[in-house]
Amino acid sequence: MNAHAEAIAQYNFAYLDEQTKRMIRRAILKAIAIPGYQVPFASREMPMPYGWGTGGVQVTASVIGPQDVLKVIDQGADDTTNAVSIRAFFQKVAQVSVTTHTGEATIIQTRHRIPEEPLKEGQVLVYQVPIPEPLRFLEPRETETRKMHALEEYGLMHVKLYEDIAQHGHIATTFAYPVKVEGRYVMDPSPTPKFDNPKMHMSKALQLFGAGREKRIYAIPPYTHVESLDFDDHPFEVQRFEEPCALCGAHGVYLDEVVLDDRGGRMFVCSDTDHCEERRAEGHRGHLSGEEAAT
Amino acid sequence: MYVAVKGGEAAIRNAHKLLADRRRGDRSVPALTLEQITGQLALAVDRVMAEGSLYDCGLAALAVKQARGDMIEAIFLLRAYRTTLPRFGYTRPIETAAMLVERRVSATYKDLPGGQLLGPTFDYTHRLLDPELAGDSDPATPETRERESEAMPRVSDILAHEGLIEEDGSLPENREPGDITREAPEFPMDRDLRLQALSRGDEGFLLALGYSTQRGFGRNHPFAGEIRIGEVDVEIDVPELDFPLTLGRIRVTECQMVNQFKGSMKVPPQFTRGYGLVFGQSERKAMAMALCDRALRASELGEDITAPAQDEEFVISHADNVQATGFVEHLKLPHYVDFQAELGLVRQMRREYEERRQADAEKPQRREAAE
Amino acid sequence: MSLASIAIEGGFRNPVFDAQSVFRALMQAMAEPGTVARDLGLTRPPAPLTPEAAAVALTSCDQDTPIWLDAPLAAEEAVRAWLAFHTGAPLTATPSEAHFAFCAEPENLIGLENFAQGSQEYPDRSATLILQVKSLSGGPELLLEGPGIETQRTLAPHPMPRHFTRQWAQNRARFPRGIDLVLVSREGMAALPRTTRIVNQEG
């Protein structure tokens, strides 16, 4: 078993073998050339479970080099357990520098959020995607949805959104809200809240999406038109919060609701923990931050 | 003052320490050796190799131990290791007709060349818990066969002799067998790829689907033509040599299901087939696989697709337990950002609903006041 | 030097990290069409294959990706042997079968429509062409728009395939099908994905 034990310890830089990286890199380049189109790729088994970021991890592993600075977030936070676990994985297998600061990162791997701080040219945002097919819940068959994309036949999606309006008075999709990329492909932005959709439009950063279990990679190049689907009489709008962040006082950011007691006590704080910390470091204060802003 | 929860790293570290402790259990009891697991829990090891799609008893035993006996976790460990291995080439198809047979039964013939051979089977055991096994039992040495050399032709070959059964499936010319671990799946899928997916598919899932075909959801009139278990040579062609090189031997279970006959203007009536092949000893899996293989050939054989087991995309997309467990279990990851988005919408809709009710309630009053 | 030693030498000095940095340059070039990525991890291939084109080959090609070579490259046995040794990629004489096509004389290149365009269902199954140009800045200026470009960007590669702007407009019209171009010279690497529009009037 010792020979086995030794053999198990040998992994390539960034875990994936070079042939796998080449295959994923080719898929990434085609994904960039056809924005919003889902490129099939021969996703590998990773040492973390499917559904826990294997697609994002494979994309990051194929892109990352020793010069990169990596940030990993889950729900907007750097310290959620799965973000911690993925960051530790890359520290171990690629020995890269890591950061929690959005501005310092060259690659940001994310699940469910886009950072509040606008991204810069040269940055790469890698999304973990559970179900890449925006039409999947309307039509479970790949054979059918592939045809719909080929024919640009997206009527079903509009019907679904319109039925929402008829039934609820609103489009009932609040996250994974479908977008149209460069006027052609309808795309799933991954389960980010629709609050983040406008950040995808004309973003300065390259956005890469990896779905490991479903074996798809797609991309949005920088400066690409990304429109959220809507109707003239029901234009797309994002969530608004009635109060600012209780810690940093920020308005116009996405907030987590934190339950404080069992009597209905709750507070709202920034979901983007780095953004919140930086604001507090700059002296911004919310009503529950415990100390008064410098007077 | 509110302080956001921190310390993910420490929590993970501590959880894994606790896991290691529980895995080891009572320190006064000797730790399991891998030899004990490969020797005494051999069918567990076989299942892990089959669904982990890596033939290595030692590593599979290690995976079983590391996974604390959780089979899908062990399969996952083996898969994640397998994916990192370099690929040197593809072997020749194994020749199951030349198998060193340990067990071979046919339900279609009373006797046949090579005979019926029960081998090490649970069949016909009375399922009574055996108190002796609770201790360190030392069973009697079993009888062994003398004649090892008698040829044991496959039942499908016997039937093929009369032309009463369809031939072994063959690939179209110029088409190399695919590899589901190197290509993204595409539907409709060819049978070579389907069989690969079934062979590493979850035993429980295939068992349930196979069972469903017997109960009428895509019935295909199966007879267990033959089940054979034993060792076969694994050979590879080397460009410089004009004979194949034998890499070693693996134990496999093969099931040839003889199914519903077919005929047409061009093809005379003949039986169709379903095929199952699995690493190690696993008849249940091989038989279930054969039933599913046959069911999935519905469109090829011009049958109506009416049942789940015949639905290729449904079966193949959901047969892999490593994928399934990952996605089902990912629901325990935090989703509070999405939940917040739903919460916000439901609260807004609730507010609008209350306002409407309020307005409706006030309307008649206003009318009364006007009168 | 014998053919065998020519074939074996001149690969990446550090295959893992050189491939990573060339890929990043390629990714940047493809994501921001018209920009020139410089400082590639270099190779020393036999002529007329250039170090920059060879770096793309080593980064992108392997057993799974048939390669097509234009006549000047295909004529050179050392080039074929070098690519075979370092990438393992099979060579094909049929342009529509190639995943990657390398071209030493863009001005003599066959029409772009001869290469794999992908299908409407699988537009990714299309060829990537690597053109060895003499310069990325010395030719007639192309005014570029499209994804990856905030407003407009210019690139002036030379030489380019005959009637290039017209051919490119036809390639663009096939979207989502179509080929993607990588242009390499001593200055570095630029790319024109199929989404890029050339908007200056044909001169």
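**Helix packing, cores and backbone**

Reply: In this predicted model, H5(B) passes H11(B) in a left-handed crossing. The residues in contact are Ile72(B), Ile75(B), Phe76(B) and Arg79(B) from H5(B), together with Asn321(B), Val322(B) and Thr325(B) from H11(B). By class, the residues of this contact comprise 4 nonpolar, 2 polar and 1 charged.

Me: Why are H5(B) and H11(B) called roughly perpendicular to each other?

Reply: Helix H5 (residues 71-82) of chain B and helix H11 (residues 321-329) of chain B pack at an angle of about 110 degrees. Angles of 65 to 115 degrees count as roughly perpendicular, and H5(B) and H11(B) are therefore described in that way. Their axes are 9 Å apart.

Me: Why does Ser190(A) count as buried?

Reply: Buried means under 20% relative accessible area. Ser190(A) has 1% relative accessibility and therefore counts as buried. Ser190(A) lies in the loop between strand S7 (185-187) and helix H7 (197-200) of chain A. Its phi is near 75 degrees, a positive value in a residue other than glycine.

Me: Why does Ala176(A) count as partly exposed?

Reply: Partly exposed describes what falls between buried, under 20%, and exposed, over 50%. Ala176(A) stands at 21% relative accessibility, so it counts as partly exposed. This residue belongs to the loop between helix H6 (155-168) and strand S6 (179-181) of chain A. Phi of Ala176(A) is also positive, near 50 degrees, in a residue other than glycine.

Me: What makes up the largest nonpolar core, and which residues have the most contacts inside it?

Reply: A nonpolar core joins buried residues of the listed nonpolar types through side-chain atoms within 4.5 Å. The largest has 90 residues, and those with the most contacts inside it are Ile28(A), Ile32(A), Phe90(A), Leu208(A), Met27(C), Phe102(C) and Met189(C). Helix H2 (residues 15-31) of chain C gives the most to this core, with 10 residues. Apart from this core lies another, of 27 residues, including Ile180(B), Leu206(B), Ile227(B) and Ile316(B).

Me: Which residues does Met27(C) touch?

Reply: Leaving aside residues up to four places away in sequence, Met27(C) touches Ile28(A), Leu29(A), Ile32(A), Val63(A), Val124(A), Leu206(A) and Leu208(A).

Me: What is omega for the cis peptide bond from Ala47(C) to Pro48(C), and where is Pro48(C) found?

Reply: Omega is near 5 degrees for that bond. Pro48(C) is in the loop between H2 and helix H3 (51-60) of chain C.

Note on methods
Residues numbered from 1 in each chain as written. Chains lettered and ligands numbered in written order. Predicted model: local features only at pLDDT ≥ 70, side-chain atom pairs only at ≥ 80, totals over all residues. Heavy atoms only, no water. Axes fitted to C-alpha atoms, helices over the stretch in contact; angles between N-to-C directions. Helix = DSSP H or I, 4+ residues; strand = E, 2+ residues; numbered from the N terminus. Parallel < 35°, antiparallel > 145°, perpendicular 65-115°, else oblique. Left-handed = near helix turned anticlockwise from the far one by under 90°. Contact = heavy atoms within 4.5 Å. Nonpolar A, V, L, I, M, F, W, Y, C, P; charged D, E, K, R; others polar. Buried < 20%, exposed > 50% of the residue type's maximum accessible area, 1.4 Å probe, protein only.
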